[in-house]
Amino acid sequence: MVQSNRSFDQLPDSAYVRESDLVTRPRENDPALLPFSKSTLWRHVRAGTFPAPVKLSERVTAWRVGDVRQWLLKFNKSAPVGASGRVRILRK
């Protein structure tokens, strides 16, 4: 498990991260990599707006770090920022 965003930055693109490393963690002080919940993550995957995960075993699903980084770069360039300074996710 990735312990912080700083350790995510140090992972090679070929590494894998689990859902719990990507989405918000309400009980921890360390912010998650993605600005939405796990339900929204899966909605984005189904819609094709977030990279599909890789099934590593019957009960283990993970995302390639390189795919997540590419998505974050694209998202950060195109995401509108609201009056509060927070990124807003637009729905179609």
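Mentor: Start with a side-chain pair: T40 and R43 are joined by a polar contact of 2.8 Å. A polar contact is a pair of N or O atoms within 3.5 Å; within protein, one must be able to donate a hydrogen and the other to accept it, and residues adjacent in sequence count only if both atoms are side-chain atoms.

Trainee: How far can I trust that, and what's the numbering?
Mentor: This is a predicted model: local features need pLDDT of at least 70, side-chain atom pairs count only at pLDDT 80 or more, and totals for chains, interfaces and linings use all residues. Residues are numbered from 1 along each chain as its sequence is written, and side-chain values use heavy atoms, with hydrogens and water left out.

Trainee: Where does T40 sit?
Mentor: In helix α3, residues 38-47. Helices (H or I, at least four residues) and strands (E, at least two) are DSSP runs, numbered from the N terminus.

Trainee: Why does T40 count as buried?
Mentor: Because its relative accessibility is 11%. Buried means under 20% relative accessible area, exposed over 50%, partly exposed in between (1.4 Å probe, protein chains only).

Trainee: And how much of the chain is buried?
Mentor: 34% of its 92 residues.

Trainee: New topic. What's the element order?
Mentor: α-β-α-α-β-β-α from the N terminus. That comes to four helices and three strands.

Trainee: How are the strands arranged in the sheet?
Mentor: It's an open sheet, ordered β1-β3-β2, with antiparallel pairing. β1 (16-18) and β2 (54-57) are the edge strands, each pairing on one side only. Two strands pair if DSSP finds at least two bridges between them.

Trainee: How many bridges between β1 and β3?
Mentor: Three, with β3 covering residues 60-64. One involves V17, whose bridge partner in β3 is W63.

Trainee: Which strands does α4 lie across?
Mentor: Helix α4, residues 65-78, lies across β1 and β3. It runs at about 55 degrees to β3. Axes are lines fitted to C-alpha atoms, for helices over the stretch in contact (heavy atoms within 4.5 Å), and angles run from 0 to 180 degrees between N-to-C directions.

Trainee: What's the span of α4?
Mentor: Its 14 residues reach 20 Å from first C-alpha to last, close to the 20 Å expected at 1.5 Å a residue. The expected span is 1.5 Å times one less than the number of residues.

Trainee: Which α4 residues are buried?
Mentor: V65, G66, V68, R69, W71, L72 and F75. An α-helix has 3.6 residues a turn, so residues three or four places apart point the same way.
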